[in-house]
Amino acid sequence: MSHRILIIDDEDDIREVAALSLETVAGWEVAVASSGAQGIVRAAEYNPDAILLDVMMPGMDGPTTFRELRKNPITSRIPVLLLTAKVQSTDQRRFADLGVEAILFKPFDPLTLPNQIAGVLGWN
Amino acid sequence: MDSNSRANEVPAVSAMLDELWLKFRPQIEERLSVLQEAAAALAQGNLPPELREEAHNTAHKLAGSLGTFGLDQGTALAREAENLLAPESTLDEPTARRLLAIAASISVTILDRR
């Protein structure tokens, strides 16, 4: 079954590898945004089944973007998975407290990323 | 996403990942140059706070990117650099030597990836 995913990440290499993974390995539809502000607009337009959201972005960071998505009735119920290269447990606890669906870590394996997402969201 | 179709896709995905590596390698090398510049400045006892912060953020990005392109050792080295450059870390001569060594090792790792 095909799913629609929105990737929000300011790093274009990570964005393109994640898109390659989700489109080619899983066959899902992907939309991308390169900032939190752009992602909020894109999420409302695209109505994805899930959002993959980078934590550390200039301007509006991932946690702030997540809170804004939750404020908007159109995007408030879309599952959000945070993507981060932060490995310290204090950071992880802080992110988990936000109420996101899951925290995924960079680097990720492009061949297994879709399974990770599908597993978290019960799409298997 | 059954195992047969996935197995067939692996070579195609690897080839596409290689293409993306070629596309983004200059950007990754540019990030490495920031790390090299900071390490050299610290070795000379003159690392400006702005360059330290930039190098810290750059090391964080390298940690995320390198492993995604299959360079796990590069990620481990970049994480070490990120920790060394963290605001709470003490910057001294051994740190400068280690940062220079890390930058050199990451450079080799990048060169070695086909």
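Ala33(A) lies in strand β2 (residues 29-33) of chain A, where helices (H or I, at least four residues) and strands (E, at least two) are DSSP runs numbered from the N terminus. The model is predicted: local features need pLDDT of at least 70, side-chain atom pairs count only at pLDDT 80 or more, and totals for chains, interfaces and linings use all residues. Residues are numbered from 1 along each chain as its sequence is written, and chains are lettered from A and ligands numbered from 1 in the order in which they are written.

Ala33(A) counts as buried because it has 23 C-beta neighbours inside 10 Å; a residue is buried if 20 or more other C-beta atoms, placed from the backbone, lie within 10 Å of its own, exposed if 12 or fewer, and partly exposed in between. Apart from neighbours within four places in sequence, Ala33(A) is in contact with Leu6(A), Ile8(A), Gln38(A), Gly39(A) and Arg42(A), contact being defined as C-beta atoms, placed from the backbone, within 7 Å. Between Ala33(A) and Leu121(A) there are 88 residues in sequence and 21 Å in space, C-alpha to C-alpha.

Chain B contains four helices and zero strands, in the order α-α-α-α along the sequence. Its C-alpha trace spans about 55 × 25 × 20 Å along the principal axes. Of the 114 residues in chain B, 34% are buried. Among contacts in chain B between residues at least 6 apart in sequence, 60% join residues at least 24 apart. Helix α2(B) has 20 residues and reaches 29 Å from its first C-alpha to its last, close to the 28 Å expected at 1.5 Å a residue, the expected span being 1.5 Å times one less than the number of residues. Just after α2(B), Gly70(B) takes a positive phi of about 90°.

One helix pair from each chain is set out below. Axes are lines fitted to C-alpha atoms, for helices over the stretch in contact, and angles run from 0 to 180 degrees between N-to-C directions.

| Helix pair | Angle | Axes |
|---|---|---|
| α3(B) (residues 72-85) and α4(B) (residues 93-112) | about 155° | 10 Å apart |
| α2(A) (residues 36-46) and α3(A) (residues 62-71) | roughly 25° | within 9 Å |

The angle of about 155° makes α3(B) roughly antiparallel to α4(B), the term for angles over 145 degrees, while angles under 35 count as roughly parallel, 65 to 115 as roughly perpendicular and the rest as oblique. The crossing of α3(B) and α4(B) is left-handed, that is, the near helix is turned anticlockwise from the far one by less than a right angle, with clockwise giving right-handed. Residues making this contact include Leu77(B), Ala81(B) and Leu84(B) of α3(B) and Leu99(B), Ile102(B) and Ile106(B) of α4(B). By class, the contact of α3(B) with α4(B) has seven nonpolar, five polar and two charged residues; Ala, Val, Leu, Ile, Met, Phe, Trp, Tyr, Cys and Pro count as nonpolar, Asp, Glu, Lys and Arg as charged, and the others, Gly among them, as polar.

In chain A, the angle of roughly 25° makes α2(A) roughly parallel to α3(A), and their crossing is right-handed. Gly36(A), Gly39(A), Ile40(A) and Ala43(A) of α2(A) meet Thr64(A), Thr65(A), Glu68(A) and Leu69(A) of α3(A). These residues divide into three nonpolar, four polar and one charged.

Between the chains, 20 residues of chain B are in contact with 18 residues of chain A. On the chain B side, α1 (3-43) and α2 (49-68) are the elements that give two or more residues, and α1(B) gives the most, with 10 residues. That side has 10 nonpolar, seven polar and three charged residues.

Methods
Contact = placed C-beta atoms within 7 Å.
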